[in-house]
Every structure is written in C-alpha cells, then in structure tokens.
Amino acid sequence: MLSERENEAVSRVGPGTLMGSLMRQYWLPAMLASELPRPDGDPVRVMLLGEQLVAFRDTKGQVGLLAHSCPHRGASLFFGRNEEDGLRCVYHGWKFDVNGRCVDMPNEPPASTFRDKVRACAYPCVERGGVVWAYLGPRATPPPLPDLEALELPENQADVFAIQRECNWLQALEGDIDTSHFGFLHFGATRKEEAGPGTFLYYAVADRAPRYALVDTEYGSMYGAYRPAGPGRLYWRIAQFLFPFYTHIPSGTLGRQVLTRAWVPMDDHHTLFVSMGAAAPRPRRQASGSSRPRRAALRTPLRPNSTGWHGRFRLEADAANDYLIDRNWQRNGDFTGIDGIFTQDQAVTESMGPVYDRTKEHLGSSDVMVIRVRRRLLDAARALAERGAVPPGVDEPHVYATRSGSVILPEKADWLSATEELRRARVSHPELDLALETR
Ligand code: FES
Ligand SMILES: [Fe+2]
C-alpha cells in the first residue's frame, strides 16, 4: 500500500513533478503518424505530460511539436496557418518551423533582428512504427529510441492503434500487470468445459488463483503466473513492465507474440494507450455460454476525433453510458455484460476515479507485480531527482528487445532459463503450436 505522498508522487506527471521528470528522460509515443496525414495539413492539439502542445506536419513532411501558446503574446498556435515549412500564428503572423525557430516576423521592420532572439518551445520528434515519438527531456541530443521489435514490423503486418483512457496512467497500466483479473473480468463466466481442452484458456479458467514468480530486470520487472496444466506440467503466463510505461502482456504464445503496449500520460487524469504489434491472425473459437457474439477482443468502436485536448481516440462506450452494459447478458452468459476486453478494462480502471486513492486499497498476494512496479518507479524517480541517476533503459535501448506470452513448461523446469530463448526478440519459432491460443 502506498502512503498518500507516494500515491501523489507516482501519479503526477506535470512539469517539475517526480514522475514527470522521470518520463521526460525517455522518448514518448505522442500520437499516431496517421493523425498528421499530409504535409501542410491541419494542426492537432496534443496533451502530453500535462503540457498543451500543437503538432503539425510541414511542407517537407517533418513533424513539429510546439507549445500551443505563441511566444509573442500567447495566442494558440492551434489556429495557425500551416504553410511553407512552418506554422504561422494568426494573431500577428509570426511563423515558426519544426525546430521552434521564428522564420518570419512580418509585423516588425524588415531590418529587425528580433526574430533571431525568439524561439517557440519545440520538442524533437521522429516517426517510427506508425507512431510519432517526442522527446520532452533535458538532453541536447536525445537518447536512442527503445529497441522494440514492434517498431520494425513492415507496414502491412503492423497493427498500431490508440485509445484514450480517462484515468491516471499508472492506474490504467496496472491492469496489464495484474493477471488474476483475466479469469474474472474477461472470462469469469467461462467454464473450462467451454474452452478448448488443453488450451491456455482452459487452464486459466480451471484455476483462477495462479501463483507468482517475479524478477527485476534491466528494463523493469517481469512476472510469471503459473498454475497446473495436466500431470507434471505448468501453464505460465509471462509478462513484463518496461520503463517508464510499457507492458508486454501474456495474451499470445511466448516466442510468437510481438506486441508492445504503451500507457502514455497525457496529464494526471488522461492516458493515451498506444498498441504496437503484429497483426497476426489468431485462431479463435467462440467461447460458448455467451448469448451474443463477442466483438474482436481489442477493437471497439471509437467516436470521431474532435479537436479538443482530450478529443482523440475516445471509445463510444464510456462512463456516460455505463460502457453500454447489458444487464440481461450479464445475467445470462457474460460476466460483465460489457462487450469487448478493452472496454471491460476501460470500465473498471476508469470507475476507480481519475486518480485512485491507493491508501484505501487492500493488496493481496495476486497484486505482487503491481506492488513491485510501483516501487521500481518510485525508486527510479527518486534516484534521478536525488543523484541524477539515469533511469533504466534510457541509454540501453537493447534491453527492450524482449517478448512476453504464454507457455506450458514441465513442472520441474526453471521458468527463467526454460524461456530465455523464447523471450528473445527477432527469433523465429515455427515449431510452436498456436492451437493452444484457440479458445
Ligand atoms: S501572439 Fe502569435 S504572433 Fe502575436
Ligand atoms: Fe484486462
């Protein structure tokens, strides 16, 4: 359980906060590249670590990310004209390029050098894996991007999407490292007889109280949740937290799954979930016991984006409509009555409030990974603040080259050595039996 001060420290991400300073050491997935579809297109409002920013793609195709407030007298650059390699403020016509240089100041005498003394606040951006990455940190030369396998996928094999969640970033992330909710929130009404015999799901619903093994790693922390999988065998769900806000979840087969999930803090109360992974078609059997077809697990309908600070990638099913809960379905076949795994996660984590008061919680043995990750984040943030210690992974991009997933191992096997090769990125394992993922 966190103290009140620790709860504040781990949740707040604005400029000057302990956790905000930690986040600013890393590259951040700020938006999807597809949000800026063409040169000189419309600017987009972006909220990131509590800062109000405006993103635009210039005539050459480069992405700029500027503080929205014009350095002249503060009009919003969101209303700017995106033209000829820069964003021109509509108030007095000052124009800024993607680096924040003032390249035109038409309301000053032509001989004036004032424009050379003015800069807009601009953050470096790069595009990789269908995502615009931004660096909001203190270094003149940003660190390398994390070596995530998902960023190298060919465009036609990659599945990249974003969804806004209306709660604190860590509250949202913790759902990804809390494996025991899977057998309730998502599959609480599924009996093992309804799952394919011998599949991962079969073992997961046969025993809904797994035991845990946990290790700290160079990139963060990793757990293995294990339970019986027939005589002499254990079913392991292996998942990772990677600094500062990534997860590798155990939903697919270990050794085949390429998926990184980012829980990017927009501000203290809003999170941009960014999923970067391989669009692998997966064999799926409809779990019976459900009175209506379940939609694709992760894709749920979104509202059209609006231009507000929190107007991007909002689910249609939200708190205002109780996530379209169907009580009849909940009584007759489904555990929650809420359609879609992502929406189920969204409902419970948002229902905790914008920032949950963790002094009120009662953590059990199934929360061991949640406890560990909070501790690691606080330790890293304090070490940075007190001694300037570079946080995990910032200068070690290679540590991100790792995979998670589900695997069945002999009971006596050491889970770490037995899965070492399967956890390595970019290794092909054609021998793996994907039928275990079948439901
Ligand atoms: S406020 Fe932007 S040019 Fe004057
Ligand atoms: Fe979940």
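Val 46 lies in strand β2 (residues 44-48), where strands (E, at least two residues) and helices (H or I, at least four) are DSSP runs numbered from the N terminus. This is a predicted model, so local features need pLDDT of at least 70 and side-chain atom pairs count only at pLDDT 80 or more, while totals for chains, interfaces and linings use all residues. Residues are numbered from 1 along each chain as its sequence is written, chains are lettered from A and ligands numbered from 1 in the order in which they are written, and side-chain values use heavy atoms, with hydrogens and water left out.

With a relative accessible area of 0%, Val 46 is buried (under 20%; exposed is over 50% and partly exposed in between, with a 1.4 Å probe and protein chains only). Its contacts (heavy atoms within 4.5 Å) include Ala 30, Met 31, Glu 51, Trp 309 and Arg 312, leaving aside residues up to four places away in sequence.

Glu 51, for its part, meets Arg 24 in a salt bridge at 2.7 Å, N to O; the term covers a side-chain nitrogen of Lys or Arg within 4 Å of a carboxyl oxygen of Asp or Glu. Glu 51 sits in strand β3 (residues 51-57) and Arg 24 in the loop between α2 (18-23) and β1 (27-32), so this pair ties together parts 27 residues apart in sequence. Both Glu 51 and Arg 24 are buried.

The structure holds 29 salt bridges. Another one pairs Arg 88 with Asp 104, with the closest N and O atoms 2.9 Å apart. Here strand β6 (residues 87-88) supplies Arg 88 and strand β8 (residues 102-104) supplies Asp 104, 16 residues apart. Arg 88 is buried at 17%, whereas Asp 104 is partly exposed at 25%.

His 181, in the loop between α3 (169-174) and α4 (200-206), and Asp 345, in helix α6 (residues 341-351), are 164 residues apart. Relative accessibility is 18% for His 181, which counts as buried, and 11% for Asp 345, also buried.

The loop between α3 and α4 also holds Thr 179, buried at 4%. Among the residues that Thr 179 touches are Pro 210, Tyr 212 and Pro 250.
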